[in-house]
Amino acid sequence: MLLKKSFTRRNALHLVGSVLAASLIAHTGFGAGVTLRFASDSSGTGGAFIKALCDEWSQKTGNKVEIISRPQDATATLQQYQQYWAAKSGDVDVYQIDVIWQSIAGPHAVDLKKYFKADEISQHFPRIIDNNTVNGKLVSIPWFTDAGTLYYRTDLLEKYGYKEPPKTWEELAEMAKKIQDGERKAGKPDFQGFVFQGKASESVTCNALEWVYSYGGGVIIEPDKKVTINNPNAIKALDTARSWVGSISPAGVVTYGEEEARNVWQAGNAAFMRNWPYAYALGQDPKSAVAGKFDVTVLPKGGDNGKNAACLGGWNLMVSGYSKNPDAAADLVKYLDSADAQKKRAIDLSLLPTLPALYADPEVLAKNPWFKNMVEVFKNAVARPSTVTGADYNQISTAFFQNVNKVLTGGESGKDAVQQVERVGKRLVR
Amino acid sequence: MKDPDSKSSPVLRALFYLLVLVILVFNLFPFLYAVVSSFRPSSELFSTDLIPKSLTFLHYSEIFRDARFVASLINSIIVAGCTVAIALAFGSLCAYALGRLPFRFKGFVLYLVLTMTMFPQISVLSGLFVMLKALNLFNTRQGLIMTYLIFSLPFTIWVMTQYFRSLPRELEEAAYVDGASPLAVFWQVLLPLTVPGLVSTGLLAFIAAWNEFLFALTFTVTDNMKTVPVVISQFSGATSYEQPWGSIMAASMVVTIPLVILVMIFQYRIVAGLTAGAVKG
Amino acid sequence: MAKQIDLLERQRRLAWFLIVPAVFVVFLVIGYPLIQVLLYSVLKYKLDGVTPASFVGLSNYLFILTDPDFWLAVQNTLIFSVCSVTLECVLGLAVALVANSKFKGRSILRVAILIPWAIPTVVSSKIWAWMFNDIYGVVNVLLINFHLISQKIAFLATPATALPVIIAVDVWKTTPFMALLLLAGLGLIPGDLYEAASIDGASKIRQFFSLTLPLVMPTLLVALIFRTLDALRVFDIFYVMVGGQGNMATMAIYNQQWLVSFLDAGIGSAASVIILVIIMVFVVLYTRFSKTSFE
């Protein structure tokens with residue numbers, strides 16, 4: 001009798017226990033359907049692609065993803081994000097952040113080292129990972145990358161007897177002048193030798209950083225907080241750029257952003273262009289005037305003793321430190337960033353992956369043979385001094401681009417410009 | 001009032017019509033240019049030809065297939081409409097009091113009202129953001145309307161006060177003699193006289209609310225709440241650098257049309273108000 | 001007599017009832033951001049979520065007042081304001097007078113003048129920037145075709161050419177605002193006055209100066225105040241057309257840059273306060289010199 005009772009009680013306990021366990025299992029994992037909000041690109045083919053990926057993940061995990069569209073302008077995007085971070089808002093779980101926002105976003109991000117193993121992290125380009133690590137914390141994982149690239153017209157180079165793209169800026173200036181004069185005489189009055197971004201905005205910071213670095217002038221503020229911009233090489237770089245405006249580049253280049261330069265180039269009115277890789281796929285569109293007539297390579301050096309440079313751009317994925325579902329968010333990030341997803345994006349949209357291995361992938365190369373050239377470009381990637389200046393990055397960038405723009409319009413000498421930038425830089429790292 | 005058709009010389013009349021033409025061209029040219037661009041195929045947008053070689057409806061069909069754009073049109077209509085309705089209703093009542101009724105602190109209040117319209121939007125941005133979140137009005141239409149009222153209500157009060165002040169007193173006094181209450185005087189006597197002012201102010205307030213950008217950008221984040229200027233500014237091509245110029249132009253044209261219709265409807269009101277505004281005996 | 005006092009009382013009560021609640025609520029909603037701005041202006045307060053806020057007295061103000069970029073922004077704002085407001089007043093009045101007259105096609109004109117105001121600023125700035133583009137812009141194309149210039153001009157590249165362009169865009173966009181306000185003001189002028197003046201033999205020009213102008217003056221001053229206050233706060237047009245170029249900032253752009261771009265709420269707030277003070281100066285000047293009474 002006693003035995004039976006205790007047996008029954010034990011059974012009951014077991015029953016209760018297993019029911020409890022069963023219900024626990026049903027509720028672990030990522031919870032029955034959390035809704036994550038993801039702030040990212042949402043329109044155009046890029047947006048459609050992202051949405052499709054998120055839907056796939058949703059189906060696999062039973063969660064939902066709501067996409068919050070960000071403003072087109074990067075600065076406006078940052079402003080929007082900052083409102084959320086200032087309010088410590090859990091309204092957004094995953095953010096798509098620019099490569100230069102790492103320090104600013106840092107305090108509000110989850111350390112992704114918790115979710116990514118070391119060997120997963122090392123599969124990405126090391127320079128980007130370095131850039132994204134602030135005070136030991138991996139603020140965001142690289143999603144797709146970008147670097148300043150030289151576009152050149154293969155047909156025109158051939159026509160004017162050049163076998164290779166220019167190796168130095170001096171060579172480029174020479175080639176550009178000859179081609180420009182020739183084409184203008186042949187009945188194209190709007191033809192320009194070289195178009196780039198001279199507009200007083202982050203765009204010219206990138207361009208000018210490339211010039212300065214390529215002449216051995218440093219990166220404005222070095223990672224060890226030394227302000228190095230005031231040096232003869234940097235001055236030479238800026239003065240050289242000034243000499244292009246009005247001779248091989250149109251006077252209006254000081255108002256050009258990426259799109260303005262691309263419009264001139266794609267209409268067939270430029271021999272050389274400096275731009276981001278996005279222009280490649282657009283240029284190869286059958287309706288473009290330059291389809292099949294161009295290629296890309298790394299930007300020239302500053303003189304024979306200079307270095308190649310490519311300003312690092314690109315977007316990364318970050319998990320909000322205020323998210324109520326960080327595990328689910330990190331899982332979404334992993335999915336979006338997987339090698340498969342990156343490969344698909346490289347093939348469908350010609351956007352550059354952050355995993356060097358994919359640049360040797362035969363399927364990727366079949367669709368984008370020019371990716372071969374990009375590996376060299378990325379090896380020479382130069383990061384802007386955003387990590388070292390943190391939240392003050394915008395101040396130094398603004399001081400830099402405003403003064404560079406002034407040099408380009410002839411309103412200031414290179415010497416004065418670097419002094420002004422140095423003044424602001426010193427104030428910031430004090 | 002200039003009345004050229006009746007008395008002036010042909011020369012003056014010709015000059016007058018020339019002036020009209022200049023005004024029309026100056027105002028409409030950029031608009032027409034945008035209209036033409038909205039029908040241009042994308043590949044032709046950067047040619048320097050003034051007359052496009054071909055036309056396309058592609059941009060228009062694209063934007064109407066975009067659910068966000070359509071939603072934003074509805075949002076803008078609701079937000080701007082409510083803002084104006086509330087501003088006119090409360091504003092004209094307040095203006096009547098300030099323009100016509102005895103009140104000891106009139107000067108102070110008017111100064112305060114003027115000050116409130118003076119704030120640069122950027123400086124109240126973060127304060128309003130925090131306030132909206134605290135009241136749970138962030139990312140809602142009501143929240144946005146509230147922030148718009150901050151600027152449109154004082155504006156309405158200020159302008160309508162001037163109108164009420166400029167009205168002649170005889171009608172009012174007559175009504176009081178007849179035993180009307182101050183409120184009745186407002187409703188039946190003075191308000192009808194200020195209709196031109198109401199229409200003008202209402203129209204201006206509507207357009208200002210319709211085109212407002214900074215607050216809409218900051219205080220709405222999900223696609224079902226955004227207004228038109230925000231959505232237009234967020235149109236992008238395959239990459240974030242591209243500007244789909246054709247779509248932007250098409251969207252701008254679509255957005256301008258409700259306003260044009262409003263003006264056309266209300267201009268008859270303006271005319272009626274103008275002719276009725278004169279106190280005839 | 002008792003009836004009159006009774007009426008006065010009723011009027012007073014109604015006035016309180018109508019004015020106080022509305023004004024109180026709006027004041028409260030603006031009061032909070034205002035107090036916040038004043039508070040932050042004396043702090044060193046970075047919006048990075050890391051640096052702690054600290055009291056720094058008036059050093060933010062000192063920084064701004066000794067910053068050459070700030071004074072350049074003030075200068076740009078003042079030049080812009082004076083030019084655009086003047087042009088808008090004159091042209092607005094002209095347009096209002098024309099729109100007020102009876103002639104064929106009056107309705108078309110009325111609709112046409114409102115269109116610039118109806119297009120969102122962001123969009124119309126882009127349209128104009130595009131028209132003034134140095135290579136594809138229609139303005140350059142027309143100028144070259146009519147042989148007025150030999151080489152295309154990069155209008156937006158330097159302040160000397162960009163500022164007039166921006167003023168032109170603003171005049172284009174805002175004259176309708178002035179015209180509409182003035183039109184309603186013109187509408188309040190009784191037609192019989194003109195008839196009487198014509199009978200007395202006054203010429204049209206005489207009528208304008210001694211009849212129209214004085215009677216439309218109150219409305220003109222209201223329009224003037226609002227336009228000036230708006231012009232001093234100008235942001236959208238500059239931001240879209242020449243945003244970022246340091247020598248073409250306005251006070252509002254300077255403010256926005258420090259607050260949002262540089263994440264410095266201390267300096268950003270101090271800038272807001274200084275701008276408010278400058279604007280107040282204009283308000284006081286206006287009310288002093290105009291006959292717009294507050295009583």
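Predicted model: local features only at pLDDT ≥ 70, side-chain atom pairs only at ≥ 80, totals over all residues.
Just after α18(A) comes G410(A), whose phi is positive, at about 85 degrees.

**An open sheet of 4 strands in chain A.** The strands of this sheet follow the order β8-β9-β7-β10 (chain A), and their pairing is mixed. The edges are formed by β8 (192-195) and β10 (294-297) of chain A, each of which pairs on one side only. On average, and with direction ignored, neighbouring strands of the sheet are turned by 15 degrees against each other.

**The pairing of strands β7 and β9 within chain A.** Strand β7, residues 149-153 of chain A, and strand β9, residues 270-275 of chain A, run antiparallel and are joined by 4 bridges. Within this pairing, the residue that L150(A) stands opposite is R274(A), which belongs to β9(A).

**The two domains of chain A and the contact between them.** According to the domain assignment, chain A holds domain 1, made of residues 35-147 + 314-372, and domain 2, made of residues 149-311 + 382-428. Taken over C-alpha atoms, the centres of domain 1 and domain 2 of chain A are separated by 28 Å. Where these domains of chain A touch, 13 residues of domain 1 are in contact with 17 residues of domain 2. On the side of domain 1 of chain A that touches domain 2 of chain A, at least two residues each are supplied by α4 (102-105), α6 (126-132) and β6 (141-147) of chain A, and α4(A) gives the most, with 3 residues. Sorted by class, that side of domain 1 of chain A has 7 nonpolar, 4 polar and 2 charged residues.

**The contact between chain C and chain B.** This contact takes 77 residues from chain C and 81 residues from chain B. Helix α1 of chain C, residues 2-41, gives the most to the side of chain C that touches chain B, contributing 19 residues. By class, the side of chain C that touches chain B has 56 nonpolar, 13 polar and 8 charged residues.

Definitions and conventions: Residues numbered from 1 in each chain as written. Chains lettered and ligands numbered in written order. Contact = placed C-beta atoms within 7 Å. Nonpolar A, V, L, I, M, F, W, Y, C, P; charged D, E, K, R; others polar. Pairing = 2+ DSSP bridges. Axes fitted to C-alpha atoms, helices over the stretch in contact; angles between N-to-C directions. Domains from an automatic or database assignment.
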